[in-house]
Amino acid sequence: MAAFPPGKGGGEGVKYGYKGKGVTIHSVVDAQGMPLAISVTAANASERDQTIKMLDGIEIQTGRRGRPKTRPKQLAADQGYDSKELRRELRSRGIRPEIPHRVWAGRRKKRGRKLKRSVARFVVERTFSWYQRKFRRLNIRWERKPHYFEAFLSLGFLYIWLEKVSA
């Protein structure tokens with residue numbers, strides 16, 4: 001018998017989003033893909049609203065004397081995070097945004113102008129695959145209570161860091 005048997009799924013914090021019913025896991029990672037901050041929201045929640053909250057939660061001990069590092073030099077994200085307000089807020093904090101602009105269906109493509117693709121985006125996707133490979137329970141939220149799912153996500157977060165430290 002499992003210590004944490006799966007439930008029926010659904011429950012608090014599960015909403016209909018772009019790809020159906022579920023939740024969205026947000027993560028801020030460093031250049032090597034190590035997670036720095038994680039957050040879980042309903043599938044229909046705004047991704048842009050979570051960015052500043054997660055950036056405020058980052059504290060990196062660099063081994064030097066003084067205060068810990070609290071902000072990255074740049075932030076690579078996908079098109080879901082594209083907004084003028086977020087770009088302005090990141091620049092005011094001294095963070096260079098690498099967010100591709102959305103292409104709306106009604107707009108015609110401009111010839112000769114290519115959008116700069118985010119090169120570092122695959123690092124974030126690799127981190128999500130680590131979560132899903134190591135913890136199949138994070139693929140689908142089966143828990144009825146959101147804090148149970150967040151606890152499993154935190155365990156995955158810690159496991160990834162412990163693997164790096166012990167290697």
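This is a short talk on how one predicted protein chain is put together, from its overall layout down to a few side chains.

Okay, some ground rules. We're looking at a predicted model, so local features need pLDDT of at least 70, side-chain atom pairs count only at pLDDT 80 or more, and totals for chains, interfaces and linings use all residues. Residues are numbered from 1 along each chain as its sequence is written, and side-chain values use heavy atoms, with hydrogens and water left out.

Let's start with the layout. The chain has 4 helices and 5 strands. Helices here are DSSP runs of H or I with at least four residues, strands are runs of E with at least two, and both are numbered from the N terminus. Reading from that end, the order is β-β-β-α-β-α-β-α-α.

How much of the chain is buried? Buried residues make up 32% of the 167 residues. Buried means under 20% relative accessible area, exposed means over 50%, and partly exposed is in between, with a 1.4 Å probe and protein chains only. The accessible surface comes to about 12,300 Å², and carbon and sulfur atoms account for 52% of that. Those areas come from the Shrake-Rupley method with a 1.4 Å probe, and for residues only the protein chains shown count as cover.

What about contacts, meaning heavy atoms within 4.5 Å? Among contacts between residues at least 6 apart in sequence, 50% join residues at least 24 apart.

Now, the inside. In soluble globular proteins, nonpolar side chains tend to be buried together. I'll call a set of them a nonpolar core: buried Ala, Val, Leu, Ile, Met, Phe, Trp, Tyr and Cys residues joined through side-chain atoms within 4.5 Å. The largest one here has 15 residues, and those with the most contacts inside it include I25, F128, Y131 and F149. Strand β2 (20-29), helix α3 (121-134) and helix α4 each supply at least two residues of this core. Apart from it there's another core of 13 residues, among them I58, A77, L90 and I99.

Several α3 residues are buried, including R121, W130 and F128. Beyond its neighbours within four places in sequence, F128 touches I25 and S27.

Setting aside neighbours within four places, F135 is in contact with W130, L155, G156 and Y159. F135 and Y159 are 24 residues apart along the chain, and their C-alpha atoms are 9.9 Å apart.

Next up: charges. Side chains of opposite charge can pair when their charged atoms come close. A salt bridge here is a side-chain nitrogen of Lys or Arg within 4 Å of a carboxyl oxygen of Asp or Glu. This structure holds 4 of them.

One joins D56 and R93, with the closest N and O atoms 2.7 Å apart. D56 lies in helix α1 (residues 47-56) and R93 in the loop between α2 (84-92) and β5 (96-98), so the pair ties together parts that are 37 residues apart in sequence. R93 also forms a salt bridge with E89, at 2.9 Å. That links D56, E89 and R93 in a network. Both R93, at 25% relative accessible area, and E89, at 30%, are partly exposed. Then there's R87 with D82, at 2.9 Å from N to O, and both of those residues are buried.

Which residues does I52 touch, leaving aside neighbours within four places in sequence? They are L86, E89, L90 and R93. I52 itself is in helix α1 and counts as buried, at 18% relative accessibility.

L155, L158 and L162 make a nonpolar surface patch of about 310 Å². Patches are built from residues with over 30% relative accessible area and no salt bridge; like charges are joined within 9 Å, and nonpolar side chains (Val, Leu, Ile, Met, Phe, Trp, Tyr) within 5 Å. L162 lies in helix α4 (residues 146-166) and is exposed, at 57% relative accessible area.

Methods
Contact = heavy atoms within 4.5 Å.
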